[in-house]
Amino acid sequence: MSLLCVVLLGGSLSHGQLSPTFYDTTCPNVSNIVRGIIEEALKTDARIGASLIRLHFHDCFVNGCDGSILLNNSATIESEKEAPPNNNSVRGFGVVDDIKTALETACPATVSCADILAIAAEESVSLAEGLRGMDSTTANRTAAGIFLPGPTQPLDVIIQMFSTMGLDTTDLVALSGAHTFGRAQCSSFNNRLYDYNNSSNPDPSLNTTYLSTLQGICPQNGDLTVVTNLDLTTPDGLLNSDQILFSTTENNDTVALVNNFTANQTAFFDSFVVSMIKMGNISPLTGRLERLD
């Protein structure tokens, strides 16, 4: 990781509640600085807001919201970046570097990388119009491969993965709503287009017009790194993990939540805010800081 981070100084790491006013005196312009850099990045990368939200999500689901997803390989670290759910998938690291550089100029050795991810996710949601954390000094590639939900996993497995993190079904549906913007690679949904569940046929829940559009974007045996919008302004979910929230016949709770959020945008936004805060409080590290050069 090329950016400067702050690490624990003495004592032991602990888990605690974060404070939204932690930087009010030590770095009062932190949100404006983060927002400004994201706004600049959006001029050339329309995906960056969604990518930063996803980066925060993938950080929190592995050992808590500790910034460990930012760590590169070293003699003592196996980077989470190369875990299957992250490899050639998560992005936005350059923007995080830019944010950290700007914050080091404004408030040296003050804002942790873990908090940068949280604030960047918050500002990304705001720009889409729609306590204090410590940074980890180690990563867990194995845990990243285990705890991060994938787009092809069954609904009961995804619900259990969220439950393991202290998040319920409402959190699952609300946070999945972040997929209304951003893009996904063909590799994350190609299984729905040609050989769904080894049936040699497309996913029957896909609208035929939508299916044809997606097959044009992602032809069979084509380039799996091609990206397309997660939401084409249709009632259909691009990722199977989104679609099953509504098309499932095994969990009426998720169907009811999807219907409620579709009919009541205020209810969705209220729930999304609560769920983002809950996710941001997954085992955050707290403690004293010193600068790591």
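The model is predicted.

**The pocket**

The second largest pocket has a volume of about 970 Å³. Its lining is made up of 43 residues. Nearest the centre of this pocket lie Arg54, His58, Ser89, Pro151 and Leu239.

Several elements give two or more residues to the lining of the second largest pocket. They are the helices α2 (48-60), α6 (155-164), α7 (169-176), α9 (240-247) and α11 (265-280), together with the strand β3 (183-185). Which element provides the largest share of this lining? It is α2, with 7 residues.

**The annotated residues**

The UniProt record, an unreviewed entry, lists Thr180, Asp231 and Thr234 under "binding site". One of these, Thr180, sits in a loop. That loop runs between α7 and β3. Both α7 and β3 are among the elements that give two or more residues to the pocket lining.

**The helix pair**

Helix α7 also pairs with helix α10 (residues 252-263). Their axes come within 10 Å. How do the two axes cross, and at roughly what angle? They cross at roughly 45°. This angle lies between 35 and 65 degrees, so α7 is oblique to α10. The crossing of α7 and α10 is right-handed.

Technical notes. Residues numbered from 1 in each chain as written. Predicted model: local features only at pLDDT ≥ 70, side-chain atom pairs only at ≥ 80, totals over all residues. Heavy atoms only, no water. 1 Å grid on protein atoms, 1.4 Å probe; cavity = no way out; pocket = protein on both sides within 12 Å on 5 of 7 lines; lining within 4 Å. Points joined across faces, edges and corners; volume = space filled by probe spheres on them. Helix = DSSP H or I, 4+ residues; strand = E, 2+ residues; numbered from the N terminus. UniProt positions renumbered as here; feature names shortened; annotations may be inferred. Axes fitted to C-alpha atoms, helices over the stretch in contact; angles between N-to-C directions. Parallel < 35°, antiparallel > 145°, perpendicular 65-115°, else oblique. Left-handed = near helix turned anticlockwise from the far one by under 90°.
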